[in-house]
Structure formats: C-alpha cells, structure tokens
Amino acid sequence: MKNQITINFCRALCLTVLLVAFVQITSAQETALDYTFGTNGRVQTDIGSSFDVIRSVAVQADGKILAGGRGGITAGQTRFTIARYFPNGALDGTFGTNGINVINFLDPATGSPLGLSEIKTVLVQPDGKILLVGDGDNKYFVAARLNADGTFDSTFGTNGRAVTLIPGTGNKSVYAAVPQPDGKFVLCSQGIVTSVNRTLFLLARFNTDGTVDTSFGANGFASTRFSDNNSADAIPQTLILQSDGKIITAGWATAPPAFTRGAALARFNSNGTLDATFGTGGLAFDQPGGMIQEIALLPDGKLIAVTTSASSGGFILNRYNANGSLDQTFGEFGRLETIFPGGASNATEVLVQPDGKILAGGYNVQANAWVLARYAANGTFDRTFGTGGRVVVADTSPNNQDPRAYDMTLQPDGKILFGGYQGGDMYLVRLKARNAATQFDFDSDGRADTSVFRPSSGVWYLNRSVDGFSAAQFGVETDKIAPADYDGDGKSDIAVWRDNPGNPEFSYFYIFQSTTNTVRTEQFGTSGDNSRSVGDWDGDGKADLAVYRASTNFFYYRPSFSPGTNFVGIQWGAAGDVPVRGDFDADGKTDAAVFRPSTGVWYIRQSSNGQSLAVQFGAGSDKAVAGDFDGDGKSDIAVFRPSSGVWYIRQSSNNQIRAAQFGLGTDKIVAADYDGDGKTDVAVWRDGVYYILQSGNAQTTAQQFGAPTDTPVASAFVQ
C-alpha cells in the first residue's frame with residue numbers, strides 16, 4: 001500500500017483460487033435463546049387436563065425460578081398453581097409435589113372449594129417468603145403466602161390463605177399486584193358500578209397478614225371511572241408503585257364523545273385518593289392510544305406503556321410524561337410501533353432494564369411464536385439484541401400451537417425469563433442478555449465447537465455440539481482463518497483472510513455466511529496486516545472486517561452498522577506490540593487493545609468512554625489470551641506461560657488473580673466456552689486433541705479431533 005495511514009479499501013468481487021464445496025449447515029434453533037436452560041432454552045410443564053398458564057415469573061435470591069398461574073385439575077376447573085425450577089430449568093423436587101404446588105381455596109360463603117382460581121402475581125419478599133396474589137370464581141381476591149421451602153406461612157390469612165370478596169356484582173378479575181416497602185401489597189381489579197352494571201378501576205390494599213387495610217381509600221378499596229356516563233367502562237390491566245408511594249394503574253376505558261376504547265391511566269396517593277397533579281384530576285385518557293397492557297417507570301420519571309390496538313398489526317409503545325401527558329418527543333407524537341414478520345403481534349409486557357433499555361414482549365398467533373424487542377432509551381432498536389433489536393421465538397411442534405406470553409422478568413445476570421403457555425401447558429423460555437454469539441460456535445447452541453482447518457487441502461472440519469459433523473472446502477493453504485459471526489445470526493461463519501504479497505493493496509476476506517449459504521468477498525487490508533483483530537467493533541451483533549497494521553500501529557475496521565463506510569482507523573500501540581481481541585468494558589464492542597511483550601503491559605482503549613487502561617500483567621515470552629473467564633460479560637486479561645504451562649487470569653469481576661497449570665509450551669491455545677455456561681474455558685490443542693478444563697464443573701475433557709498438522713479453529717485469534 002502506497003500510503004500506509006490512509007487506506008484505499010476499494011471493494012472487489014474476486015473469487016480466484018477460492019474453491020467452495022460446502023456441506024450446508026442448517027439450524028432451526030433460535031439464536032437468542034439461552035441453551036443452558038431446559039431444552040434449547042425452553043421449559044414446558046403439563047399440570048393437568050385443562051389449559052396450564054404462567055401469569056407471573058419471579059427469581060429467588062438463590063437463583064431458583066418461580067412461575068405462577070393456573071393448572072387444570074379437571075375439565076372446567078383450575079387451581080392456583082406455582083412451580084419452582086432450578087436455574088437450569090429442571091423442576092425443584094423439594095418444592096411442593098415434584099416441584100409443583102397446587103393450592104385450593106374454600107368459598108367463605110359456602111365452605112366448598114372454589115372452582116376457578118389463578119395466580120396473577122408472584123412476589124418474593126425480602127425475607128424469602130413467597131406471596132401469591134390472584135382471583136377466584138370471578139368474585140374473590142385470593143392470596144397465599146408460602147415459606148421459602150413451599151410450606152404455607154401460618155401467620156398469613158387462615159393457614160396461609162386469604163379470601164376477600166370483591167365489592168360489587170358480576171364477573172370480576174384481579175390483574176396485578178405490587179408490594180410496598182412496609183410489607184403491605186396493593187392490587188388492581190375491575191370493579192362494578194352496580195346501578196348501571198359498568199366496570200371501573202378498583203384498587204385494594206392488604207396488610208402483611210392478608211387482611212384488608214381499612215386505612216386505604218374507603219375501607220381498603222379505591223376506585224375511579226373516566227366518565228359518569230352510563231355507557232362508560234374502565235378496566236385496569238397493571239399497576240406500579242412510585243418511590244414516593246403514589247400508585248399508577250393503567251388499562252383501557254371508554255369515554256365521551258366517541259366511547260371507543262383508549263389508553264387510560266390513573267394515579268392515586270398512598271392513602272387511596274386520586275392525585276390531582278396527574279392528568280385531569282388524577283386521570284389521563286389517551287384516545288386513540290390503544291389499550292395499555294403493561295406499564296413501567298423510566299429512570300427520568302416518565303412512563304413507558306405497551307398497548308394493543310385493533311387497527312394495528314404491531315407492538316405500540318406509548319411514552320408519557322410524569323404528569324400523565326403524552327410525550328410528543330418519543331416516536332411519532334408519543335407513540336412507537338414495531339412490526340414483526342408473520343402477522344399481527346400482541347404486546348403484553350414491558351420492563352426497563354437497569355441500563356435504561358426498554359424490553360417489550362408479546363406473542364404472534366399467526367406465526368405461532370413469542371416476540372420480543374429491545375430499544376434504547378430514545379426508542380431506537382438495540383441492535384445487540386436478536387436480529388436488529390427483535391427476537392422471534394417460534395415453536396413449530398404440532399402440539400404446541402396457540403402461544404400466549406404474559407410475564408417477563410430479568411435475572412441478576414441480565415438474562416430474560418418469559419412465561420405464558422403454549423400447547424395448553426405452562427411454557428417458559430430464557431433468553432441471553434445480549435446477542436453476542438459464542439466464539440467458534442457453528443450451530444448457535446451457545447457452546448464453542450471443537451473444529452479444525454486443514455491447510456494442505458483447505459478443508460474445514462466442524463464437530464458441532466448439536467448439529468454434528470460437517471466438512472467444507474473453503475480457502476487455500478496460505479490463508480489466515482478468521483471465523484466469526486459476520487451476519488449476526490448467532491453462528492460463527494467459516495471465513496479466511498488472504499494476504500496478497502504480489503499485489504499488496506488487494507488482500508481479501510472470504511466469508512461463507514450461514515444465514516444465506518452464500519460467499520461474501522470483500523477487499524480489506526494490505527499485505528503484512530494482522531487479521532486477528534476481527535470483532536464486533538460497532539456493537540451491532542455482527543463481526544466487522546478488521547486488521548491491525550503493525551507498521552503504523554493502527555486498527556482498521558469496516559463497521560457493518562454503517563453500510564458504505566469504508567473504514568474507521570484507531571491508532572493504538574507501539575512497535576513490537578501484539579494486538580489482543582476482546583470487550584474489556586462489556587459494552588458489546590471490541591476494544592482496541594495490545595500486549596507489549598517488552599514490558600508485560602496491556603494497553604486497552606475502552607470503547608464505552610474512550611478512556612485508556614495500562615495494566616502490568618505477564619512476561620515477554622507469555623502468550624496474551626483475552627476471554628471472559630469469570631462470566632461477568634467483560635474480557636479478562638490473561639496469559640499462558642509456555643515455560644511452565646501455567647495460565648494466569650486477572651478476573652475483572654473481583655480483580656483476583658487465578659492460576660491454572662494446564663498444557664505444555666508447545667500446545668496451541670484454544671480458550672473458548674465449550675460447556676455453554678457463559679465463561680471461557682481454559683483449553684489447549686495438542687497433536688489433534690482438544691484438552692479442555694471446563695469452568696462449569698472443573699472437569700478436564702480430552703477430545704480427539706483433527707490431525708497433528710491441522711490448525712485448531714479456536715486458535716484463530718491468538719498470536
């Protein structure tokens with residue numbers, strides 16, 4: 001290249017010398033699912049003979065998962081049902097009967113069992129007790145409190161159960177409940193205006209022992225309508241508690257002049273009176289704002305709601321100011337619509353992550369799928385999630401039709417639990433926190449595959465942990481292998497970089513894209529560059545073409561997020577430095593990083609804030625190995641010392657140093673996540689054998705795959 005700082009990366013479509021004889025790789029598995037949970041990220045539980053439904057999901061302090069709703073006992077009858085699972089999705093046999101607790105309630109008026117009861121909210125209290133709130137026979141508030149071991153808490157209600165008549169006549173349902181800091185809890189329900197048989201928003205507050213808190217509203221109940229007209233209805237779907245103790249409940253209502261349904265919100269003071277500073281006299285009616293299904297508080301005090309609308313086929317997000325008015329700066333005049341493929345989708349759940357991102361979920365009956373989308377705070381798609389910010393979780397099994405998704409919660413590690421029903425059974429899925437594909441994972445099951453490249457023939461041999469053996473001729477002997485997820489489908493793509501000394505300005509990346517089974521060819525870099533810098537530099541979930549130029553100490557990458565941008569250059573390092581590949585600040589982007597053998601210092605430029613880190617770790621003869629060895633989402637600084645066969649790892653989660661004797665000085669470094677636990681495993685390759693120290697169980701495995709002259713795929717980015 002004539003000018004070594006300004007890069008002339010003209011694109012070319014050249015396939016000379018590149019022969020492709022590829023055994024097609026296909027996988028119907030959803031790449032966003034957490035494959036360490038249940039079966040391919042899904043757990044299905046059959047309780048009884050009727051529709052078994054999850055309405056609420058919660059996570060205990062020990063990581064166990066609670067899923068509550070209803071279970072069919074006999075045709076036409078349902079019961080309060082709570083299931084508890086281990087973190088891996090297996091039922092916890094120490095809870096209830098084989099992991100399931102079915103709870104019966106007696107009708108206070110007749111003494112006979114309630115025929116219909118359903119949990120609407122599962123709350124884990126600070127003391128570990130489990131509070132279950134719902135309704136019974138369309139006329140009672142019913143609640144139960146369990147000890148952490150699943151037995152009834154005798155200090156709550158009568159033998160752990162409480163049943164309270166909902167005021168008014170007609171069918172009534174409980175929709176949600178929230179806990180207060182003092183241990184009391186508030187629920188929302190539809191109430192009835194008896195004189196005209198019209199519905200209204202109804203709140204009730206209960207003491208810690210399950211009795212009605214008569215200091216709230218009128219003898220424990222507070223209600224409102226959005227019009228006194230006899231044609232007006234109002235039904236709440238959800239409620240939230242503000243930090244100042246005020247309560248916001250939301251759903252839909254009809255009001256003059258058209259009496260068509262619109263989004264409705266009400267805010268109550270902590271004593272049950274309407275808050276006059278919100279909307280008009282405590283009420284906000286947004287027509288035609290859809291019907292609110294769920295609402296959440298944003299960090300700035302604004303509200304985000306998901307709605308359904310008969311006139312739309314997509315998710316609709318409404319954002320409201322703290323005073324209840326529609327926030328006109330969001331989307332189009334306060335509303336944002338998201339379309340999913342396969343037909344109309346119903347939004348049922350929204351939550352706000354600790355980082356301010358917005359996660360919305362629901363279902364699509366036509367596509368037989370659950371659907372989710374994640375947005376930045378401003379409403380743009382978070383491209384590190386799913387495909388361009390959207391995820392479709394389909395189940396094409398003949399018996400798993402009619403999907404419904406009802407509740408979503410975040411685990412402490414950021415993984416997403418989503419519950420509902422499918423095929424008449426309780427159905428629970430877990431998704432990864434972000435769409436970062438596991439390195440060297442060719443079948444998207446979350447585990448690196450033990451695979452090799454044979455330079456003598458240009459053949460890749462893939463030992464995929466789910467999809468099995470595959471072979472593909474792709475590349476020539478002098479190519480540098482560069483496997484990565486270039487198309488964002490969660491699977492590593494077979495790829496090579498071809499240095500071209502005879503024509504230095506025309507070096508190429510050749511990529512076999514797993515989404516389309518087509519070859520992508522792009523000219524990038526020049527002779528002498530280092531292709532080990534391939535990574536997701538722009539944070540869109542796709543690997544970017546990248547090289548490191550030692551002669552000028554520049555990283556160059558082509559951002560896939562910005563089509564048409566030829567390259568971005570970052571000057572970093574000094575003569576003799578070794579480029580290191582990793583995301584050291586957990587922002588989803590590859591950081592410019594080098595290891596300086598002369599001093600044993602790592603120099604890292606964090607992409608999240610542009611700040612520089614210099615860390616003394618290692619010696620001149622060490623091999624720099626970056627990987628997330630502790631599972632906190634950040635690449636850890638680590639080295640392998642050939643003279644002793646010892647790995648030294650500086651864990652970013654606690655800054656502790658971990659050492660492991662594993663390997664010989666002549667081994668090739670193949671560190672990757674082979675057991676799917678989200679942590680990089682210490683591993684080496686020796687004469688056709690992978691030796692892996694699994695982080696999940698500290699067991700050593702040996703797997704014969706390849707010949708001594710092969711190149712292990714997992715060594716692609718290690719100097």
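How many bridges join strand 20 to strand 21 (residues 315-320)? Five bridges join these two strands, which run antiparallel. Helices (H or I, at least four residues) and strands (E, at least two) are DSSP runs, numbered from the N terminus, and two strands pair if DSSP finds at least two bridges between them.

The structure is a predicted model, in which local features need pLDDT of at least 70 and side-chain atom pairs count only at pLDDT 80 or more, while totals for chains, interfaces and linings use all residues. Residues are numbered from 1 along each chain as its sequence is written, and side-chain values use heavy atoms, with hydrogens and water left out.

Strand 20 covers residues 303-308, and six of its six residues are buried. Buried means under 20% relative accessible area, exposed over 50%, and partly exposed in between (1.4 Å probe, protein chains only). In a regular strand the side chains alternate between the two faces of the sheet. Both faces of strand 20 are covered: Leu303, Ala305 and Thr307 are buried on one side, and Ile304, Val306 and Thr308 on the other. In strand 21, Tyr320 is the bridge partner of Leu303. Strand 20 also pairs in the antiparallel sense with strand 19 (residues 291-297), over six bridges. There Glu294 stands opposite Val306. The hairpin of strand 19 and strand 20 has five residues between the strands, and Gly301 in this hairpin takes a positive phi near 95 degrees.

Glu294 leads on to the second largest pocket, where Glu294 is one of the lining residues nearest the centre, together with Ser56, Glu349, Asp407 and Met408. A pocket is an open set of points on a 1 Å grid over the protein atoms alone, where a 1.4 Å probe fits, with protein on both sides within 12 Å along at least five of seven lines; lining residues have an atom within 4 Å of a point. About 1,300 Å³ of space lies in this pocket. Grid points are joined across faces, edges and corners, and the volume is the space filled by probe spheres set on the points. The lining has 40 residues. Among the elements that give two or more residues to the lining are strand 3 (53-59), strand 19, strand 23 (346-352) and strand 27. The largest share, six residues, comes from strand 23.

Strand 2 is joined to strand 29 by four bridges, and Gln44 has Tyr427 in strand 29 as its bridge partner.

In one of them Lys415 pairs with Asp34, the closest N and O atoms being 3.0 Å apart. Lys415 lies in the loop between strand 27 (404-410) and strand 28 (416-422) and Asp34 in the loop between strand 1 (20-22) and strand 2 (42-45), so the pair ties together parts that are 381 residues apart in sequence. Asp34 also forms a salt bridge with Arg430, with the closest N and O atoms 2.8 Å apart. Arg430 is in strand 29 (residues 425-431), 396 residues apart from Asp34. Asp34 counts as buried because its relative accessibility is 4%, and Arg430 counts as buried at 4% as well. Salt bridges that share partners join Asp34, Lys415 and Arg430 into one network.

The largest nonpolar core has 41 residues, and Trp460, Tyr486, Phe509 and Tyr674 have the most contacts inside it. Such a core is a set of buried Ala, Val, Leu, Ile, Met, Phe, Trp, Tyr and Cys residues joined through side-chain atoms within 4.5 Å. Strand 35 (residues 508-513) gives the most to this core, with five residues.

Two loop residues remain. Most residues other than glycine have a negative phi. Asn98 is not a glycine, yet has a positive phi of about 55 degrees; Asn98 is in the loop between strand 5 (78-85) and strand 6 (100-103) and counts as exposed at 58% relative accessibility. Asp137 has a positive phi of about 50 degrees and lies in the loop between strand 8 (130-136) and strand 9 (140-146). At 25% relative accessibility, Asp137 counts as partly exposed.

Conventions: Salt bridge = Lys/Arg side-chain N within 4 Å of Asp/Glu carboxyl O.
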